[in-house]
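Reader: Hi! Could you walk me through the charged side chains here?
Author: Happy to, have a look first.

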Amino acid sequence: LRSQIFSPGDYICREGEVGREMYIINHGKVECIIRHKETNRREVVRTLKEGNYFGEISLLKLDGGCNKRTADIRSVGYSELFILSKKDLLQALHYYPEAKEILEKLGRERLGSYASGTLDKENHSLPGNSDDTDVPQFKAIRAPSSTR
């Protein structure tokens, strides 16, 4: 697990790239941008914040084994992200099969929402990481307030 800082407007991932790591937001916010199925326009469908994660879909090969990114992710302001390599993720999930099941379930829900275009147009939310409901978070690894 390593940390990296992104500046405002930096793209962390691009749709179609091969996924080699997943990300956990330690500080800041990022936008998830997808191509709308009907209009072919790119649109921000959600904003992810501290504790949220992304990138698991391509690492777990939930996209039919293509291992490709399903969205663009762009930093909003300065963001610090923890980066977890595919090798380290798969090794950890070997020892924690329950966590693997949860990641796979939520990843499939997100992927299904992307593919079907069933985004909640009111709040642009997708399953598995909404801004105002039960958000899957990696709270245990977040740095204490005194180190921020």
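This is a predicted model: local features need pLDDT of at least 70, side-chain atom pairs count only at pLDDT 80 or more; totals for chains, interfaces and linings use all residues.

Reader: Thanks! So are Glu 56 and Arg 110 buried or exposed?
Author: Glu 56 and Arg 110 are both buried. Their side chains meet in a salt bridge, 3.2 Å from N to O. By salt bridge I mean a side-chain nitrogen of Lys or Arg within 4 Å of a carboxyl oxygen of Asp or Glu.

Reader: Where do Glu 56 and Arg 110 sit?
Author: Glu 56 is in helix H1 and Arg 110 in helix H3 (residues 97-116), so the pair ties together parts 54 residues apart in sequence. Helices (H or I, at least four residues) and strands (E, at least two) are DSSP runs, numbered from the N terminus.

Reader: Nice. How many salt bridges are there in the whole structure?
Author: A search of the whole structure gives seven. There is also a network of salt bridges linking Glu 15, Arg 42 and Asp 72.

Reader: What does Arg 74 pair with?
Author: Arg 74 forms a salt bridge with Glu 31, with the closest N and O atoms 2.6 Å apart. Arg 74 belongs to strand E6 and Glu 31 to strand E3, 43 residues apart. Arg 74 is partly exposed at 23% relative accessibility, while Glu 31 is buried at 18%.

Reader: Switching topic: which residue forms a salt bridge with Arg 69?
Author: That's Glu 21, and the closest N and O atoms are 3.8 Å apart. Glu 21 lies in strand E3 (residues 21-35) and Arg 69 in the loop between helix H1 (56-59) and strand E6 (72-85), so this pair joins parts 48 residues apart in sequence.

Reader: And how buried is Arg 69?
Author: Arg 69 has a relative accessible area of 8%.

Reader: What else does Arg 69 touch?
Author: Leaving out residues up to four places away in sequence, Arg 69 touches several residues, including Cys 13, Glu 17, Tyr 23 and Ser 58. Contact here means heavy atoms within 4.5 Å. Gly 55 is also one of the residues touched, and its backbone oxygen lies 3.3 Å from a polar atom of the Arg 69 side chain.

Key:
Residues are numbered from 1 along each chain as its sequence is written. Side-chain values use heavy atoms; hydrogens and water are left out. Buried means under 20% relative accessible area, exposed over 50%, partly exposed in between (1.4 Å probe, protein chains only). A polar contact is a pair of N or O atoms within 3.5 Å; within protein, one must be able to donate a hydrogen and the other to accept it, and residues adjacent in sequence count only if both atoms are side-chain atoms.
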